[in-house]
Amino acid sequence: MSLHPAVAAVRRGVRAALAPLPPGVPVVVACSGGADSLALLAATVFEGHKAGLRVVGAVVDHGLQDGSADHTARVVDQMAGLGADETLSARVQVDPAGLGVEAAARRARYAVLEQVAAHFATTDGPATVPATVLLGHTRDDQAETVLLGLARGSGGRSLAGMRRAFGPFVRPLLDVTRDDTVTACQVEGIPFWDDPHNADPGYARVRVRRTVLPVLEEQLGPGVAATLARTADQVRHDVDHLDDLAETRHGALVADASDGSLPVDALLEDHPAIRHRVLRLAALAAGAPASELFSEHVLAVDALLTDWHGQKWVDLPGHLRARRLEGRVVVSRA
């Protein structure tokens, strides 16, 4: 009996993600109970056990919906039934102040998953290596991310979309469609949960998914989501390289400044592609929420350097202000 193409697509992505891992180490699958994450878990159990890996299923309860604790318990049971070697759940507190519910939930989720990765860390000689955490984002999620970033004016970073890997996290399904994960669950007889938030037009991502992308497909022809995702891959290497250069530059410039301030003269020597990134890093380091820090904010701060005529300050998300004081750019609480 031949393997269904949807199941094969999910397994192929997982197999590539697991290939660098040595036998015996744990791999964590973040699972919400939706089709994407359950298809990911089933494929990880299949491929991971063949590779001698220990599969850990993890579900995060954000406490944002009635009955979330009962849902979490059901997902834990389902993960065990699918063959996970170990399961765990964690409840987080979501504080939307200054971020919004979606961004705050994402921040809380990643924070606890980083703790899970550290808990299941292994030793490699003198080094301690966090466990790999697999995330179930699909090609459709990537396309939505690119469109949202473009709409928010995030520049090249928006075109680069979601990273395939960062820190302990890996996204094996960025070449797999959402339809494939749903079909894979159906073929394998895995019941899945439809998050009601995914149908709430109050969320920008839902409007993109249900309205914007279908209109683009209708007007421009099929394959828009795939094209957006492919564009993200093409741009990602350039963006990552510039981001790495900017991180190094930011670290050097703030090394001797306890307040995180940056010297104006030194910044003006940098190419705008690096300087803008350094200014963005300074705002993030001061507490600006990444989801609300747009290109227009960074350019306004840049004007404190390139178009200085005595401006008092620039307001930034997170109740922050950027000022030019005594030849330095300072980002601090308003």
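A salt bridge is counted here when a side-chain nitrogen of Lys or Arg lies within 4 Å of a carboxyl oxygen of Asp or Glu. I kept that cut-off at hand for these entries, and I note at the outset that the model is a predicted one.

**Entry 1: R275 and D302.** I looked up this pair and found that the side chains of R275 and D302 meet in a salt bridge, with 2.6 Å from N to O. The two residues belong to distant parts of the chain, R275 sitting in helix 11 and D302 in helix 12 (residues 295-306), 27 residues apart. I then checked accessibility: R275 counts as buried because its relative accessibility is 7%, under the limit of 20%, and D302, at 6%, counts as buried as well.

Entry 2: The 4 strands form an open sheet in the order 9-12-11-10, with antiparallel pairing. Strand 9 (262-263) and strand 10 (314-316) each have a single partner strand, so each stands at an edge with one side left without a neighbour in the sheet. I also looked up how strand 9 is held to strand 12 (residues 328-333), and found 2 bridges between these antiparallel strands; in strand 12, R328 is the bridge partner of P263.

**Entry 3: helix 1.** Of the 17 salt bridges that the structure holds, I next took up one between R11 and E188, whose side chains meet at 3.5 Å, N to O. This pair, 177 residues apart, links R11 in helix 1 (residues 5-18) to E188 in the loop between helix 7 (178-187) and helix 8 (204-220). R11 counts as buried at 13% relative accessibility, whereas E188 counts as partly exposed at 32%.

R15 forms a salt bridge with E47, and I recorded 3.2 Å between the closest N and O atoms. Here helix 1, which holds R15, is linked to helix 2 (residues 35-50), which holds E47, across 32 residues of chain. In this pair R15 counts as partly exposed at 43% relative accessibility, while E47 counts as buried at 5%.

Notes:
Residues numbered from 1 in each chain as written. Predicted model: local features only at pLDDT ≥ 70, side-chain atom pairs only at ≥ 80, totals over all residues. Heavy atoms only, no water. Pairing = 2+ DSSP bridges. Buried < 20%, exposed > 50% of the residue type's maximum accessible area, 1.4 Å probe, protein only.
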